[in-house]
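Thanks for coming. I'll go through one structure and keep to strands, the interface and salt bridges. Here it is on the screen.

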Amino acid sequence: MSNAIQQFGEFLQRDKTVHPPAYTPNYKTSVLRSPKNALISLQNSLSEITGPIFRPDELGPLDNDLILNYAKEGLPIGERIVVHGYVVDEFGQPVRNALVEVWQANAGGRYRHKKDQYIVPIDPNFGGCGRMLTDDNGYYYYRTIKPGPYPWRNQVNDWRPAHIHYAISGSGWAQRLITQMYFEADPMIADCPIVKSINNEEAVRGLIATLDRGAFIQLDSLAYRFDIVLRGARATLFENKIQGGK
Amino acid sequence: MFKGLNQVTRLKETASQTAGPYVHIGLAPKQAGFDIFEKNFTNVLTTPNTKGERIRVEGRVIDGSGTPLRDVLIEIWQTNSAGRYNHPADRQDKPLEEDFRGWGRGSSDFETGLYTFETVKPGQVEGRSGRVMAPHINFWIVARGINIGLNTRMYFSDEEDANAKDPVLNLIEWEVRRKTLIAQRSEKNGEVVYRFDIRIQGEDETVFFDI
């Protein structure tokens with residue numbers, strides 16, 4: 001329990017150099033959807049260091065198996081992959097019980113979404129979403145089909161590299177993060193205006209999953225390793241005291 | 001990882017990327033047009049047992065051209081009606097309601113851009129240095145075109161005294177901008193509704209926080 005309390009300190013300030021700025025005109029949609037005023041800086045209060053806690057019984061047994069969780073009459077088409085890794089904070093501490101939610105296109109690059117009209121067919125056996133909680137070591141894994149790249153309306157000939165979206169809820173509201181995972185050696189990464197919204201090569205490398213030969217499932221699946229770093233919580237308690245403590 | 005006695009090394013936070021236009025697939029699949037999970041996270045925070053004044057929060061998120069975002073996803077986080085967060089770091093001496101998590105997830109309507117939450121009015125919660133904060137709901141907003149999630153707070157129009165003393169509202173130097181965080185109370189068909197429109201850019205741009 002002492003460990004559990006320790007991880008609920010104030011969060012380190014966000015290092016903006018690793019994140020894309022709000023206004024990135026080469027990603028055109030950001031132009032009208034970026035605040036023009038500076039954000040107001042806030043020291044952490046209980047409103048920021050606390051956050052929703054999720055329970056294993058809120059998830060279903062197949063929620064982390066995208067190969068089976070929407071299989072209706074057969075298996076989905078495409079390269080079978082395992083994606084796994086650790087969710088840690090900036091101090092390298094595991095983030096336990098983090099909710100990791102993922103979503104993606106199918107092997108042809110089409111999303112099962114009523115707004116996606118791409119010419120590639122929907123795969124009747126593939127939903128394209130999954131979710132899981134990290135274990136005590138911050139570890140997560142899921143099975144899926146490798147998503148395909150697809151064209152999109154930005155510049156006329158822009159394509160998204162293959163990617164899987166991630167939403168991660170850690171132990172506090174200020175840790176909430178949405179990002180995208182890309183695949184090692186994909187030539188489309190370098191051209192993508194959304195990837196290029198990040199002006200930091202090291203930060204981009206951090207979004208690229210590595211082919212993990214040691215985790216292949218023989219005669220079945222490739223594997224990729226993708227670790228996620230959330231903001232660090234200082235070991236000291238909020239204002240060096242337990243809230244409400246005597 | 002440990003490089004030397006006098007070297008402070010830390011890992012870097014993973015970079016943010018936009019949620020994209022299809023965020024509903026992962027976070028609200030029913031809205032994307034299909035049913036996959038047995039249990040879904042929703043915009044209803046209350047159960048029949050929840051204590052406190054029932055309220056509906058509704059509004060739109062509006063871009064720099066005045067157009068409502070019809071693909072936005074919003075999460076909210078709040079205390080219960082007694083002013084306590086359902087989280088082990090909140091050790092205030094106030095009643096905790098086990099079945100009120102205080103978290104909800106909603107998305108705007110694909111036609112109208114309207115989002116709604118069914119919840120209760122939160123209580124006052126301790127801020128820094130023992131200064132009490134006025135009742136508020138924390139908002140987190142993501143969508144296509146938003147490169148990193150936007151954080152803001154919603155305060156209540158019928159809490160004028162508490163708002164006037166709120167340490168966070170008072171951090172905002174420009175009084176005219178504080179108003180962007182205050183939701184207007186009204187009653188519709190016997191229901192208490194707070195209207196909270198969020199303007200990402202343009203005249204009356206909502207205050208967003210670097211938390």
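Predicted model: local features only at pLDDT ≥ 70, side-chain atom pairs only at ≥ 80, totals over all residues.

In chain A, strand β10, residues 208–211, pairs with strand β11, residues 222–225, in the antiparallel sense over two bridges. Within that pairing, A:T210 stands opposite A:R225 in β11(A). β10(A) also pairs with strand β9 of chain A, residues 177–183, here in the parallel sense and again over two bridges. There, A:Y182 has A:I208 of β10(A) as its bridge partner.

Next, the interface. Contact between the chains takes 95 residues from chain A and 80 residues from chain B. About 8,100 Å² is buried between chain A and chain B, and carbon and sulfur atoms give 58% of that area. A:R33, A:I40 and A:W173 supply 11% of what chain A buries against chain B, more than any other three residues.

On the polar side, the rule finds 47 residue pairs in polar contact across the interface of chain A and chain B, both residues at pLDDT 80 or more. Several elements of chain A each supply at least two residues to the side that touches chain B, among them β2 (80–89), β3 (99–104) and β8 (163–169). β9(A) gives the most, with five residues. By class, that side of chain A has 45 nonpolar, 26 polar and 24 charged residues.

Strand pairing also crosses between the chains: β1(A) and strand β12 of chain B, residues 209–210, pair in the parallel sense over two bridges. The bridge partner of A:S41 in β12(B) is B:D210.

Now salt bridges. How many are there over all chains? The search of the whole structure finds 26, and the count between chain A and chain B is nine. One that joins the two chains is A:E58 with B:R101, at 2.7 Å, N to O. Another is B:K12 with A:D15, where the closest N and O atoms are 2.8 Å apart. That pair runs from the segment before α1 (23–27) of chain B to the loop between α1 (2–6) and β1 of chain A. Both ends are partly exposed, B:K12 at 43% relative accessible area and A:D15 at 23%.

Within chain A, the side chains of A:R80 and A:D220 meet in a salt bridge at 2.8 Å, N to O. A:R80 is in strand β2 and A:D220 in the loop between β10 and β11, so the pair ties together parts 140 residues apart in sequence.

Within chain B, B:K188 forms a salt bridge with B:E58, closest N and O atoms 2.9 Å apart. B:K188 lies in strand β9 (182–188) and B:E58 in strand β1 (54–62), so this pair ties together parts that are 130 residues apart in sequence. Is each end buried or partly exposed? B:K188 is partly exposed at 37%, whereas B:E58 is buried at 5%. Both belong to a network of salt bridges that also links B:R56, B:E118, B:E191, B:R195 and B:D197.

Last, one residue in chain B. B:T152 sits in strand β8, residues 150–156, and is buried, with a relative accessible area of 2%. A polar atom of the B:T152 side chain lies 2.7 Å from the backbone oxygen of B:V207. Beyond four places in sequence, B:T152 touches residues including B:I137, B:F139, B:L181, B:F196 and B:F208.

Technical notes
Residues numbered from 1 in each chain as written. Chains lettered and ligands numbered in written order. Heavy atoms only, no water. Helix = DSSP H or I, 4+ residues; strand = E, 2+ residues; numbered from the N terminus. Buried < 20%, exposed > 50% of the residue type's maximum accessible area, 1.4 Å probe, protein only. Polar contact = N/O pair within 3.5 Å; in protein donor to acceptor, adjacent residues only side chain to side chain. Contact = heavy atoms within 4.5 Å. Pairing = 2+ DSSP bridges. Buried area = accessible area lost by both parts, 1.4 Å probe. Salt bridge = Lys/Arg side-chain N within 4 Å of Asp/Glu carboxyl O. Nonpolar A, V, L, I, M, F, W, Y, C, P; charged D, E, K, R; others polar.
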